[in-house]
Amino acid sequence: ATMSKRAKKNVEAAGDGEPDNGAGPAPEAKRSKKSGKEPEAPVLYEDSPDRLTSEDGRPSSLKISSWNVDGLRAWVKKKGLEWVREEDPDMLCLQETKCAEKSLPAEITDMPEYPHKYWSGSEDKGGYSGVAMLCKTKPLNVTYGIGKEEHDKEGRVITAEFPSFFLVTAYVPNAGRGLVRLDYRKTWDVDFRAYLKGLDQRKPLVLCGDLNVAHQEIDLRNPKTNRKNAGFTAEERQGFTDLLEQDFVDSFRHLYPERPHAYTFWTYMMNARAKNVGWRLDYFVLSSALLPSLCDSKIRNKAMGSDHCPITLLLAV
């Protein structure tokens, strides 16, 4: 069932889901089988102990978690909420919920831990895209989308304003199988960057979510075979570089600039997760003004329930 689901997802990749990221690891796995060589032992990633103080010595006081759940209802059934309760973030951001608000499972809508819940889904397609934000404290204001109709009908962005920062969760569109949506993705990148810069001029921001790009070669297992695949094209990587050049910071790479094998997505095919043949597609991007408050940026790769794992940001605010 998993294979057929993934195959269907790739056929529909002009729309959504992880793009041809699924095709990334597969060719290499096939080649090694044909060559008759012994398969390499997987190099797994161990998340280091959490840093609980900022560079200037202040204790961590805010925890934000983000997870592409690859279908909210399925994720709930796979006990995703057990991880949430154990991690206990102050804000929880979810992407690829693929669930209309009227169909949300009671297990999550009734969570007393998060009295303030916000949902956004695709206007035109059920079971497609969608983001959510659950907060322990009420934001000053919440908005949906980025103010451009061509992007906002797909339910990809929620922005919450808090006293000292904005929190933006995003599910960035991928370029699709055969890069059929690459031109649209480039337009998105420009418009989204302008939106974020506008927010940043008002107060610092935290952007989290599935940004659907592995920025550098260190951010995926097989860079050489994926240069023309969605998520690792020169255009998408440049789009992310252009964002960082607007005074934003990839929090994980800021703290761990050369740490390899740190991935957040693995295709369901080819036993990729067990082999740690993955991609880092999920990020916490910060306004540089928040760097003094940064304690840690974590990849919780032991958490199961999706083809992505959750990530967590620790701040002293």
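Predicted model: local features only at pLDDT ≥ 70, side-chain atom pairs only at ≥ 80, totals over all residues.
Figure 1. D210 itself is part of strand β8, which covers residues 205-210. In general, strands of a sheet pair through backbone hydrogen bonds, in either a parallel or an antiparallel manner.

**Figure 2. The two residues of the annotated binding site.** An unreviewed UniProt entry carries the annotation "binding site" for D210 and N212. D210 belongs to strand β8, while N212 sits in the loop between β8 and α8. Are these residues buried or exposed? D210 counts as buried because its relative accessibility is 0%, and buried means under 20%. N212 also has 0% relative accessibility, so N212 counts as buried.

**Figure 3. The side chain of N212 and the backbone of V172.** This view shows the loop that links β8 to α8, where N212 is located. Which backbone atom lies 2.9 Å from a polar atom of the N212 side chain? The atom is the backbone oxygen of V172.

**Figure 4. The sheet that contains β8.** Six strands form an open sheet with mixed pairing, in the order β5-β6-β7-β8-β10-β9. Its edge strands are β5 (141-144) and β9 (248-250), each of which pairs on one side only. On average, neighbouring strands of this sheet are turned by 20 degrees against each other, with direction ignored. In the strand order, β8 stands between β7 and β10.

**Figure 5. Helix α8 against the sheet.** Helix α8 covers residues 234-244. Which strands does α8 lie across? They are β8, β9 and β10. The helix runs at about 125 degrees to β9, and β9 is one of the edge strands of the sheet.

**Figure 6. The setting of these views in the whole chain.** The protein chain has 317 residues, and 58% of them are buried. Its secondary structure includes 10 helices and 12 strands. Among contacts between residues at least 6 apart in sequence, 74% join residues at least 24 apart. The accessible surface of the chain is about 13,700 Å², and carbon and sulfur atoms account for 52% of this area.

Conventions:
Residues numbered from 1 in each chain as written. Heavy atoms only, no water. UniProt positions renumbered as here; feature names shortened; annotations may be inferred. Helix = DSSP H or I, 4+ residues; strand = E, 2+ residues; numbered from the N terminus. Buried < 20%, exposed > 50% of the residue type's maximum accessible area, 1.4 Å probe, protein only. Polar contact = N/O pair within 3.5 Å; in protein donor to acceptor, adjacent residues only side chain to side chain. Contact = heavy atoms within 4.5 Å. Areas by Shrake-Rupley, 256 points an atom, 1.4 Å probe, with all protein chains shown as cover. Pairing = 2+ DSSP bridges. Axes fitted to C-alpha atoms, helices over the stretch in contact; angles between N-to-C directions.
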